[in-house]
Amino acid sequence: LFARGAARLTSPRPAPHHGRMEDGVKRADLVIFDCDGVLIDSEIISARMLVAELARLGLSIDLNYVRSHFLGRSYPVVMETIRREFGLDLPPAFEDGYREALLDAFRRELRIMPGVREVMERLAVPFCVATSSSPRRAAFSLALVGLDGLVDGRLYTASQVSRGKPAPDLFLYAAAQMGTQPARCLVIEDSLTGLRAGLAAEMIVWRFTGGSHLAGSDEMAEPEDARPHARLASFDAFATMAPDLMRHP
């Protein structure tokens with residue numbers, strides 16, 4: 001739920017495309033997946049747990065507020081928003097308590113996104129994961145849904161760069177580690193913050209909209225600086241949209 005950087009950059013403003021991919025994706029040499037809300041259906045769990053943990057402190061907010069104000073934001077930004085809007089200073093131990101409660105909820109409820117394993121196994125180009133989650137949470141989540149073996153050392157987190165999303169640093173770092181030029185990378189993201197980061201990195205950006213946290217959410221609206229090149233509602237459609245990136249049986 002929380003990114004670890006709060007920098008904002010002005011991003012390119014490409015018009016969105018629907019259906020079959022534009023010619024640019026045929027030249028993609030690397031697919032960069034976000035983790036939460038893309039590989040794993042985790043964001044709705046994170047939002048619900050934050051609502052519950054804040055309720056313990058006497059603060060009542062709903063899921064729509066969390067999705068609109070906190071999705072993809074850094075923890076300091078969340079603290080400042082709560083302080084400014086509700087006059088509540090979160091105690092120092094709140095973050096650790098929230099994260100431990102979240103991992104417990106993941107053990108019970110976390111699910112892999114339908115179809116994503118099949119896409120990763122059939123990709124004809126390399127892929128990696130670039131996430132705003134902490135290294136511990138990301139590794140835990142991928143292992144929990146059985147994707148750790150597929151990712152296998154190609155996990156990059158915001159702890160490795162000075163600025164988190166929506167700055168382009170994490171995606172640029174991942175591309176450099178994988179030896180790929182940014183313009184030849186395809187980013188799969190779900191949040192507006194992540195879309196801005198991919199566009200600022202001058203990569204091809206698709207928005208994955210199949211996570212349960214986006215159902216009926218205002219986050220589906222995309223301002224000019226967060227418009228993806230295409231939208232992917234289900235990983236079942238990936239091969240149709242990008243046949244040149246897939247190995248065929």
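Select helix α8, residues 169-177, where Asp169, Leu170, Phe171, Ala174 and Ala175 are buried, a word that here stands for under 20% relative accessible area, with exposed meaning over 50% and partly exposed the range in between (1.4 Å probe, protein chains only). Helices (H or I, at least four residues) and strands (E, at least two) are DSSP runs, numbered from the N terminus. This is a predicted model, in which local features need pLDDT of at least 70 and side-chain atom pairs count only at pLDDT 80 or more, while totals for chains, interfaces and linings use all residues. Residues are numbered from 1 along each chain as its sequence is written, and side-chain values use heavy atoms, with hydrogens and water left out.

Just after α8, select glycine 179, which takes a positive phi of about 70 degrees.

Next, colour the strands of the sheet. Six strands form an open sheet in the order β5-β4-β2-β6-β7-β8, with parallel pairing, where two strands pair if DSSP finds at least two bridges between them. At the edges are β5 (155-157) and β8 (230-232), each of which pairs on one side only. From one strand to the next the twist averages 25 degrees, with axes taken as lines fitted to C-alpha atoms, for helices over the stretch in contact, and angles running from 0 to 180 degrees between N-to-C directions.

Within this sheet, select β6 (residues 185-189) together with β7 (residues 204-208), which pair in the parallel sense over four bridges. Isoleucine 188 stands opposite tryptophan 206 in β7. Now show the side chains of β7, a strand that is mostly covered, five of its five residues being buried: Ile204, Trp206 and Phe208 point one way, whereas Val205 and Arg207 point the other way.

Move to the loop between β2 and α1 and select aspartate 34, which counts as buried at 6% relative accessibility. The side chain of aspartate 34 is joined to that of lysine 165 by a polar contact of 3.2 Å, meaning a pair of N or O atoms within 3.5 Å; within protein, one must be able to donate a hydrogen and the other to accept it, and residues adjacent in sequence count only if both atoms are side-chain atoms. Leaving aside neighbours within four places in sequence, the residues in contact with aspartate 34 include Val129, Thr131, Ile188, Glu189 and Asp190.

In the viewer, turn now to the charged pairs. A search of the whole structure finds 18 salt bridges, each a side-chain nitrogen of Lys or Arg within 4 Å of a carboxyl oxygen of Asp or Glu.

For a second salt bridge, select arginine 196 and aspartate 225, with the closest N and O atoms 2.9 Å apart. Arginine 196 lies in helix α9 (residues 192-200) and aspartate 225 in the loop between β7 and β8, so the pair ties together parts that are 29 residues apart in sequence. Arginine 196 is buried, with a relative accessible area of 8%, and aspartate 225 is buried as well, at 17%. Then select Glu80, Arg83, Arg84, Glu85 and Asp89, which salt bridges that share partners join into one network.

A further stop is helix α4 (residues 94-109), where arginine 107 and aspartate 104 lie three residues apart, about one turn of the helix, and their side chains meet in a salt bridge (2.5 Å, N to O). Arginine 107 counts as partly exposed at 47% relative accessibility, and aspartate 104 is partly exposed at 37%.

Finally, zoom out to the whole chain. The secondary structure comes to 10 helices and eight strands, and 54% of the 249 residues count as buried. Of the contacts with a separation of 6 or more, 76% are between residues 24 or more positions apart.

Technical notes. Contact means heavy atoms within 4.5 Å.
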